[in-house]
Protein chains: 2
Amino acid sequence: MNKRIGLFGFGVVGQGYYQIAKKHKEQWTPDTIVVKNKFKRRAFDLKFSYNPQEVFDKNPDYILELISDTNEAYEYVTEALKRGITVISANKKLLSAHLPELIQLQRVFGGKLLYEAAAAAGIPVITTLETHFEEDEIISLEGILNGSSNYILSRIFNNGLNFSEALRLAQQKGFAESDPKFDINGSDVASKLNILGLHAFGKFIGEEQIPTFGIQHLGEEEIALAKRLGLKIKLIAKAERDYRGIAAHILPTLVEEHNPFYGVENEYNAVKIVSEHLQEQFYQGKGAGSLPTGAAVYGDLIKAKNGFGYSYSKVNFDKPLDEKLLNLGVRVLIKSKAAALIDSVLFSPELTHQIDGVIFAVGKIKPKNFNKLNESGEVSILALPDNYAVESIEAGLKTIQNAGEVV
Amino acid sequence: MNKRIGLFGFGVVGQGYYQIAKKHKEQWTPDTIVVKNKFKRRAFDLKFSYNPQEVFDKNPDYILELISDTNEAYEYVTEALKRGITVISANKKLLSAHLPELIQLQRVFGGKLLYEAAAAAGIPVITTLETHFEEDEIISLEGILNGSSNYILSRIFNNGLNFSEALRLAQQKGFAESDPKFDINGSDVASKLNILGLHAFGKFIGEEQIPTFGIQHLGEEEIALAKRLGLKIKLIAKAERDYRGIAAHILPTLVEEHNPFYGVENEYNAVKIVSEHLQEQFYQGKGAGSLPTGAAVYGDLIKAKNGFGYSYSKVNFDKPLDEKLLNLGVRVLIKSKAAALIDSVLFSPELTHQIDGVIFAVGKIKPKNFNKLNESGEVSILALPDNYAVESIEAGLKTIQNAGEVV
């Protein structure tokens, strides 16, 4: 029994899905593919449609939404769900912005929405949260969720490139957009953490609520320091629960060798989940790429065919989904020339070390201050490993000072 | 709507499941618990039954089979499946021995059988193979699948214990059985690889077909050599497909620092899957323990309630499930005093180095010879990392020779 499939978008992900679907005996290729640009040259010789309505006119069983425009995606996905159609989406921005409404539409109209490809593409983390962890209480979820940032950090740490050389290479390799802002400032990561947070904790955080600091302010001194200490820097997204509620933030983080994130290189993503019963789990896989992402979309289609849907079992629908985030202090190394700025945000100080007018300090920062520090453009922050000795940081700073590694 | 649940066995796994089930609002605790020994003191004050028939007399919706006796387990599970009842099992020996028949019983009578806890307990690898990888072609599956062996290796490499000290500690901690044979000789691993192989490749290998060499013959020299080379030794199970068929074996393996298995310590298990589309994925989690294993059983129950079952989509039911394994040469370092024994199995030799009558050689061995070497008791074998330079091995051997690290 052939199913009618409507596809919106034929970019990197859409083509990956299509390549996979056409190899299989069962016909899970789309009968309608809607694209926007009539004049773009395309890799496949297919009949394209330019009219979104054509998808709906054919009464599809499944709709795949694989476009980048969030507003258009919102239109197609809500329209489909209102018709009770099962939708597969890879659109993190759409989902992160509208999940509560999209969940509601599934409940009212009976359609399903699956979106494994939207967060940590190749890693089946949403499905796993919805099955294996369904009745387990999640204590924390951490991840490396942006392949471009991670690729840049790998080139810096493994090949000795500086930040701008590494960024240029990431762009050449197609891992970073030509405007790489969303890749390196953590905005893309916030969308993904927001989606995963809902499945892990049953709460909708809202990505604009997640204090986010990307890798764009990372300087040569912190990189030299990390190398001297045998550490790496990774952009880590973290959400955790304590008895008062949920805390979340995104920060460049110093990572020790025994941490499983230490070995996650290049365009790979990884997720670490700590729960009450299953305890610590760690997953690593490709976070980008046409085939891994297309395979996640195709996998969703097959799961939907087999009757699988997200149960949102951690969501308590009698209570509001959103919750104010806790603003718990994070222990960091902060670097700036602006002493007053550091003073205005740092508490529980443990160390201040000055090299040629550049101040390095260890202490705690409330995540709500990340935005202010981000906008100042004068500050670099690195989260420290748990219980990392401040004496090691101090010794490391003296070493780079003596070696003349401070610019 | 309460469901009737019959439980066989109340050991480590059964108690873990029970602890989890009684915390949840929905009643997923058993109404009948059948145990064998009337006189054993038990941690929970519950009414136990000693008559297996009592479970069936109550017409249960679900049966949990969490006992160790394979023959009894076979009786209960086949009886349940013939009645179309959904069964959750954690019994790797049962499953590894009888999976083809148990799959057939599901198909004929409509009951389901789930068994995530039977292989790499805490890691949802079977569910992931059955969902995320359902339509993807697996190229290879490798794993650290025995927590006791891995715990022993961690103590040797991280704490400087020798083999027998490490084994004693594992027994004290409850990670190894009082008769540790099945833990350290790889037999337990073969059962798990056999189960995973079926879900990964759709073929039933048969655990007695899997050439297996455990860690029991590991000597001080190989450990000293690995440490000198900055490598670790892990007991790795591997199954892979090439155009001619499937190859599989279990061997202590030298692991380089960049390999994700390098950081898997203590009682953790890990699985690496390489597939055509999703490419490389790596999962790590607890491989033993009452709560992680109990949570995997409980998770299966919840999945079954939500309609989930294994589709065995990679199995072609028109063809016989079993397939002769390929006997492809594996590149190893072999150590023995018996020159003739080495000569009789090693081909494509690259290096022979003798220290005080002990011969170290690098070359290839056909897995079918593992048994003979195992039984001789005079040989230690270590698989080498892919493309590892023989010159490094030679230099390492000279270093341990000069340092007097050869006993």
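**Tyr17 of chain A**

I started with Tyr17(A) and looked up what it touches beyond its neighbours within four places in sequence. Its contacts include Ile5(A), Leu7(A), Trp28(A), Thr29(A) and Pro30(A). Leu64(A), Gly294(A), Val297(A), Tyr298(A) and Leu301(A) are also on the list. I note that this is a predicted model.

Next I asked which residues have the most contacts inside the largest nonpolar core. They are Tyr17(A), Tyr115(A), Tyr17(B) and Tyr115(B). That core has 239 residues.

**A record for chain A**

I checked UniProt for chain A. An unreviewed entry there lists residues 124-302 as "domain: Homoserine dehydrogenase catalytic". I then looked at that stretch in the model. It is 39% helix and 25% strand. Its end C-alpha atoms lie 14 Å apart.

**Helix α14 of chain A**

I moved on to α14(A), which spans residues 390-402. The helix has 13 residues. From first C-alpha to last it reaches 19 Å, close to the 18 Å expected at 1.5 Å a residue.

Which residues of α14(A) are buried? I found Val390(A), Ile393(A), Gly396(A), Leu397(A) and Ile400(A). Seen down the helix axis, these buried residues fall within an arc of 120 degrees, so they line one face of α14(A). An α-helix has 3.6 residues a turn, so residues three or four places apart point the same way.

I looked at the other side too. The face of α14(A) turned away from the buried side carries the exposed residues Glu391(A) and Asn402(A).

Then I asked what covers the buried residues of α14(A). The cover includes helix α10 (220-228) and the strands β8 (245-255), β11 (330-336), β12 (347-355) and β13 (358-365), in chain A. After the helix comes Gly404(A), whose phi is positive, near 70 degrees.

**Strand β11 of chain A**

I followed one of those covering elements, β11(A). The strand is mostly covered, with 7 of its 7 residues buried. In a regular strand the side chains alternate between the two faces of the sheet. I sorted the residues of β11(A) by side. Val330(A), Val332(A), Ile334(A) and Ser336(A) are buried on one side. Arg331(A), Leu333(A) and Lys335(A) are buried on the other.

I checked its partners next. β11(A) pairs with β13(A) in the antiparallel sense over 7 bridges. It also pairs with β14(A), residues 379-383, in the antiparallel sense over 5 bridges. Leu333(A) shows both links. Its bridge partner in β13(A) is Val362(A), and in β14(A) it is Leu382(A).

**A sheet in chain B**

I turned to chain B. I found an open sheet of 5 strands with parallel pairing, in the order β2-β1-β3-β4-β5. Which strands are at the edges? They are β2 (32-34) and β5 (113-114), each pairing on one side only. Inside the sheet I picked β1(B), residues 5-8, and β3(B), residues 62-65. These two run parallel and are joined by 4 bridges. Phe8(B) stands opposite Glu65(B) in β3(B).

**Lys364 of chain B**

Last, I looked up Lys364(B). Its place is in strand β13(B), residues 358-365. Beyond its neighbours within four places in sequence, Lys364(B) contacts Val330(B), Arg331(B), Val345(B), Leu346(B), Phe347(B) and Ser348(B). I also checked Pro349(B), 15 residues away along the chain. The C-alpha atoms of Lys364(B) and Pro349(B) are separated by 6.9 Å.

Key. Residues numbered from 1 in each chain as written. Chains lettered and ligands numbered in written order. Predicted model: local features only at pLDDT ≥ 70, side-chain atom pairs only at ≥ 80, totals over all residues. Heavy atoms only, no water. Expected span 1.5 Å × (residues − 1). Buried < 20%, exposed > 50% of the residue type's maximum accessible area, 1.4 Å probe, protein only. Arc of directions from axis to C-beta. Contact = heavy atoms within 4.5 Å. Core = buried A, V, L, I, M, F, W, Y, C linked by side-chain atoms within 4.5 Å. Pairing = 2+ DSSP bridges. UniProt positions renumbered as here; feature names shortened; annotations may be inferred.
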